Amino acid sequence: MKAERPLGDQGKLDWDVNTDHRAQIWSVFPHHDDATLLTTLLRFTSPRWYLTVPTPLIRSRFSAHTQLDLTTHCNSSCFHRGEQEVQKEELTEKLAFETLYSDGSRTLTTVDVEGDEEFEGDAGATRRKPRVKSRHKRVRRQIYGADGRFNIQGDNFLLDYPFSTAVRISTGCTGVLVSQQHVLTAAHCVHDGKDYVKGARRLRVGFLIPPSFNGTKADLTSAKKPLVRWVRVKRTRVPKGWIQGPQDISMDFDYALLELRWPHRRPFMRLSVAPSLDDLAGKRIHFSGFDSDRSGELVYRFCPVEEESSDLIYQHCDARPGASGSGVYGRVWDNSLERWERKVIGIFSGHQWLEIDGENRDYNVAVRITPLKFAQICYWVHGNRLDCVQD
């Protein structure tokens, strides 16, 4: 292993990309989980990387208001050039992230790339690329035709996979369990692009408890709504692509990972790079969330994918505010198991207006998990490379 402290006070370390001695790294970084994550990130690719020690930031003011109904108006800049090569400046920007701790402190972790090499983008992530123009604000329409949502009720369903993976976020959104201690949700549920929302100061995750598990008689459970058991969040990670001011917000980076203070015992859903539409079983997506117009109820829906860009999934799944942050899943072929498996391939974000081929269209939108996002989120969860191999 090679570790050289730099000259001056730039706070950078030069690591051999083949290193696997985490113990020595832990003694250098103030937050050892970040160090482990970045060490394995080095081994993800061949060029030499320069890691910056997580930089302490001033404490958040928690001044932002939670916006459950996110709507954007997209122009061509909203679409990443998936077919083109990614410059190292872009890669550096995408790999950076901010960490908020339960005591209110926060850090920024960046990754710098050395050399003149260019790097391939999220190959395979882009399929069809709609031509878009900016539009004036219109009336939002999140229910398309007849309402196709279903309330999930009863012990056998609420605690049954995959519905059991849906959890509530105390700011009013939804999340999905992606490990025994991590929840994936939308970034706008905790941060408005400029500051953390007020509710992020004491962020909690809610697990549904069916009425019969609270001593309610079985014949009365159908009239009762499930209770919620709240668990505190230990750490929140948000990509820097989202933290750049409201005027520059793009749905492309509307995702965040919450680490619970204690592990849970419920099933969780594995992550996957979003496949092309042709490789998605039935060309359909599914998600369950806590829509605001059905208070206290878990709501499930499914629908076909209408359009896709390098970073977004466009669809007409009926949804209302509160469903933001839901784990969007589909049936993806698992090579190791040799069967179709439900896996999280995106995060429901909100609503977007587009103009495609001269026609005005409105969609509900999910952030798709690209190879780069898969690597980033998976390292946030596991902190090692072996657990982050895409099947």
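# Exercises on disulfides, salt bridges and one threonine

A disulfide joins C173 to C189, with an S to S distance of 2.2 Å. The structure is a predicted model, and the exercises below work through it.

**Exercise 1.** Find where the two cysteines C173 and C189 sit in the chain, and decide whether each is buried or exposed.

Solution. 
- Step 1. The distance of 2.2 Å between the sulfur atoms is to be compared with a cut-off of 2.5 Å for a disulfide.
- Step 2. C173 lies in the loop between β12 and β13, while C189 lies in the loop between β14 (182-185) and β15 (204-209). The two are 16 residues apart, and the pair links distant parts of the chain.
- Step 3. Buried means under 20% relative accessible area. C173 has 2% and is therefore buried; C189 has 0% and also counts as buried.
- Step 4. The angle about the S-S bond is -95 degrees, and the link of C173 and C189 is left-handed.

**Exercise 2.** How many disulfides does a search of the whole structure find? Describe the one that involves C303.

Solution. 
- Step 1. The search finds two disulfides.
- Step 2. C303 is joined to C317, with 2.0 Å from S to S.
- Step 3. C303 belongs to strand β19 (residues 298-308), and C317 to the loop between β20 (312-315) and β21 (327-334). They stand 14 residues apart.
- Step 4. The link of C303 and C317 is left-handed, with -100 degrees about the S-S bond.
- Step 5. C303 is buried at 7% relative accessibility, and C317 is buried at 1%.

**Exercise 3.** Describe the surroundings of T171: which loop holds it, and which residues is it in contact with, leaving aside neighbours within four places in sequence?

Solution. 
- Step 1. T171 is in the loop between β12 (166-169) and β13 (174-177). C173 is also placed in the loop between β12 and β13.
- Step 2. The relative accessible area of T171 is 11%, so T171 is buried.
- Step 3. With those neighbours left aside, the contacts of T171 are T66, L68, C189, V197, G199, A200 and L203.
- Step 4. For C189 there is a further detail: the side chain of T171 reaches the backbone oxygen of C189 at 2.9 Å. C189 is the cysteine joined to C173 by a disulfide.

**Exercise 4.** Which residue meets E259 in a salt bridge, and which strands hold the two?

Solution. 
- Step 1. Side chains of opposite charge can pair when their charged atoms come close.
- Step 2. The side chain of E259 meets that of R235, at 2.9 Å from N to O.
- Step 3. E259 lies in strand β17 (residues 256-260) and R235 in strand β16 (residues 227-239), so the pair ties together parts that are 24 residues apart in sequence.
- Step 4. E259 is buried at 10% relative accessibility, and R235 is buried at 6%.

Definitions and conventions: Residues are numbered from 1 along each chain as its sequence is written. This is a predicted model: local features need pLDDT of at least 70, side-chain atom pairs count only at pLDDT 80 or more; totals for chains, interfaces and linings use all residues. Side-chain values use heavy atoms; hydrogens and water are left out. Buried means under 20% relative accessible area, exposed over 50%, partly exposed in between (1.4 Å probe, protein chains only). A polar contact is a pair of N or O atoms within 3.5 Å; within protein, one must be able to donate a hydrogen and the other to accept it, and residues adjacent in sequence count only if both atoms are side-chain atoms. Contact means heavy atoms within 4.5 Å. A salt bridge is a side-chain nitrogen of Lys or Arg within 4 Å of a carboxyl oxygen of Asp or Glu.
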